[in-house]
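Please work through the exercises below with the sequence and the structure at hand, trying each task before you read its solution.

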There are 2 protein chains.
Amino acid sequence: MKIGELARRSGLSAHTIRYYERIGLLPYADRDRSRQRDYDASILTWIDFLGRLKTTGMPIREMLRYAALRENGSGTEAERRLLLERHREHVRARVAELEACLLVLDTKIAGYADIEKRIEDHDAHQRTRRNQQAGARQAGSR
Amino acid sequence: MKIGELARRSGLSAHTIRYYERIGLLPYADRDRSRQRDYDASILTWIDFLGRLKTTGMPIREMLRYAALRENGSGTEAERRLLLERHREHVRARVAELEACLLVLDTKIAGYADIEKRIEDHDAHQRTRRNQQAGARQAGSR
DNA sequence: CATTGACTTAGAGTGCGCTCGAACTCGTAG
DNA sequence: CTACGAGTTCGAGCGCACTCTAAGTCAATG
């Protein structure tokens, strides 16, 4: 698979794939006879996992640490696990934080809903009064 | 309250407070006789809410829209409500996304835990074998 | 009256994570 | 044979949200 296809299938741009290789997030890719990168489909699994780390806010610095451990192969599992466990705690904390903010947003939105409701009631009241006055005029004009 | 105290109480730096005023996130603050900003405690409520928007990933551009509506006072409630409701949906989606990632992390971590357990079992087995051999040697030497 | 320390402004610099441009090389189709 | 499209490298540029520097003002304190 060449870089263009990998880009399409991974959702990254070819620019980004080269950038990731340059900084060491992706392993140095084998090149074909004309020095073009030739990828194995298995790289997609890794890119997908990197995407999860990125989505959950892991900085590239830390992804690099993980990628380096992975390159070193067996013997680094305990450290990789520790890294992911620490990251998982960050993510859990982040979810809790967002949920707390959601409560604040709910309250704020409910407040605006109240204001709008009061305005509607007020308008309805005004209409009723105008209708009553119109009715009174009609009644008087008979 | 001067900027230093507001910085301490809000958690923002004085630099950031001035920056926020410059771009319009914070209203232009009244100055005292020596042109220093003089804040009312009520600004803390606004800064706190801005913090919630920021924490939940709202870009400054959008906070500016909200701040501008707020400055325009009454009559903008419906639009402010809409803006917050849209943002709330973004946040909910984000929480769902993070929770999906947490499942992936759980699986990955469990995988590493398995590997480590297998290694431990293997080591224990090796130790048992060595002990048995040592026992056999001792028995033979008696 | 001199110093200290918190404040003022305008504008430059930083860190992150890409993103793009320029100039080039290949392999294939017309 | 040449034109095209997809690839290559290297390095510059960008958007975001600050963060800091320099040079200056001011009020209070020793």
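Predicted model: local features only at pLDDT ≥ 70, side-chain atom pairs only at ≥ 80, totals over all residues.

**Exercise 1.** Determine which helices each supply at least two residues of the surface near DNA strand D, and how that surface divides by residue class.

**Exercise 2.** Describe the side of chain A that touches chain B, by helix and by residue class.

*Solution.* Begin with the count, which gives 28 residues of chain A in contact with 28 residues of chain B. On the chain A side, α3 (43-55) and α5 (77-141) each supply at least two residues, and α5(A) gives the most, with 25 residues. By class, this side of chain A holds 13 nonpolar, 12 charged and three polar residues.

**Exercise 3.** Work out what relation superposes chain A on chain B, and which residue of chain A comes closest to the rotation axis.

*Solution.* Superposing chain A on chain B takes a rotation of 180° with 0.0 Å of shift along its axis, and leaves an RMSD of 0.1 Å; this is therefore the relation of a two-fold axis. Within chain A, the residue closest to the rotation axis is A:Val95, whose C-alpha lies at 3.0 Å. Finally, compare the contact residues: 100% of those of chain A recur in chain B, so that the same surface serves both copies.

How values were computed
Residues numbered from 1 in each chain as written. Chains lettered and ligands numbered in written order. Helix = DSSP H or I, 4+ residues; strand = E, 2+ residues; numbered from the N terminus. Nonpolar A, V, L, I, M, F, W, Y, C, P; charged D, E, K, R; others polar. Contact = placed C-beta atoms within 7 Å. Least-squares fit on C-alpha atoms with pLDDT ≥ 70 in both.
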